[in-house]
Amino acid sequence: MRSTRRAAFPALLSCLLLAGCSSVQPGEPDSSSSGASAPAASPSGAAGAGRSIAVGAGPQKKYTVQQQPAAGSCHYRYDKGEPLEDPKCTPGAVSPAVTQANLKSTICRKGGYTSGIRPSTYVTGKEKKLNAVSYGYTGNMADAEYDHEISLQLGGDPNDPRNLWVEPPDPGHKKGSGVNNMKDPVETKLHTAVCAGKVTLAQAQQAIVTDWTTALSTLGLN
């Protein structure tokens, strides 16, 4: 046994020096070979002091319908009646095309940015129906928004399934009156603050994925 240990030590030391050995033990999942790799930090630094935020594919010339989570696998959370996403299904994803360095030519440019990168309603309409099944949403579809968790005006990825969810209407919403969610004005205020230099893009992205209902107060923007 002692001779075996002596023989193994040089090999182990060499492996560590070359950083080529895996620490995965038999029976444990190896993230390096898995299709669902760990979320990467945003190029804009969106990880901030919180968790890393995944980076999506960014704007595409042609969008395709994305696969959604399994039926019933996603569960809404509520804060004072306001619906929040399931962070396991919709953790958010940012676009690599938007960074702190290029705000003036992307989300803060005059004339707007989001209209030119939105997927077509043909694509999002199909995704919305599939995502409703993922979340078990059975309400009026016209009252629910197929929402970007990190909005496009905050550099969110346009069609990454990790960044889209069927957002139910707010408490007291009149059935059949269409989409009118309190999350939307929060996103607009964050966008204004980012473009005015009051907060960084990373801070705004992190705040919105943590909890949109507290995002403004967290950043002192109330």
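Contact, as the word is used here, means heavy atoms within 4.5 Å, and helices (H or I, at least four residues) and strands (E, at least two) are DSSP runs numbered from the N terminus. This is a predicted model, in which local features need pLDDT of at least 70 and side-chain atom pairs count only at pLDDT 80 or more, while totals for chains, interfaces and linings use all residues. Residues are numbered from 1 along each chain as its sequence is written, and side-chain values use heavy atoms, with hydrogens and water left out.

Helix 4 (residues 201-210) is mostly covered, since eight of its ten residues are buried (under 20% relative accessible area, with exposed over 50% and partly exposed in between, for a 1.4 Å probe and protein chains only). Among the buried residues are Leu 201, Gln 205 and Ile 208, and the cover over the buried residues of helix 4 includes strand 4 (93-94), helix 3 (183-195) and helix 5 (215-218).

Glu 187 has its place in helix 3, and Ile 208 is one of the residues that Glu 187 touches, not counting residues up to four places away in sequence.

The structure also holds four aromatic pairs (rings of Phe, Tyr and Trp, the last by its six-membered ring, with centres within 6.5 Å; planes under 30 degrees apart count as stacked, over 60 as edge-to-face and the rest as tilted). Tyr 135 and Trp 165 form a tilted pair, 6.3 Å centre to centre with 45° between the planes. Tyr 135 lies in helix 2 and Trp 165 in strand 6, so the pair ties together parts that are 30 residues apart in sequence.

| Residue | Relative accessibility |
|---|---|
| Tyr 135 | 5%, buried |
| Trp 165 | 0%, buried |
| Glu 187 | 5%, buried |
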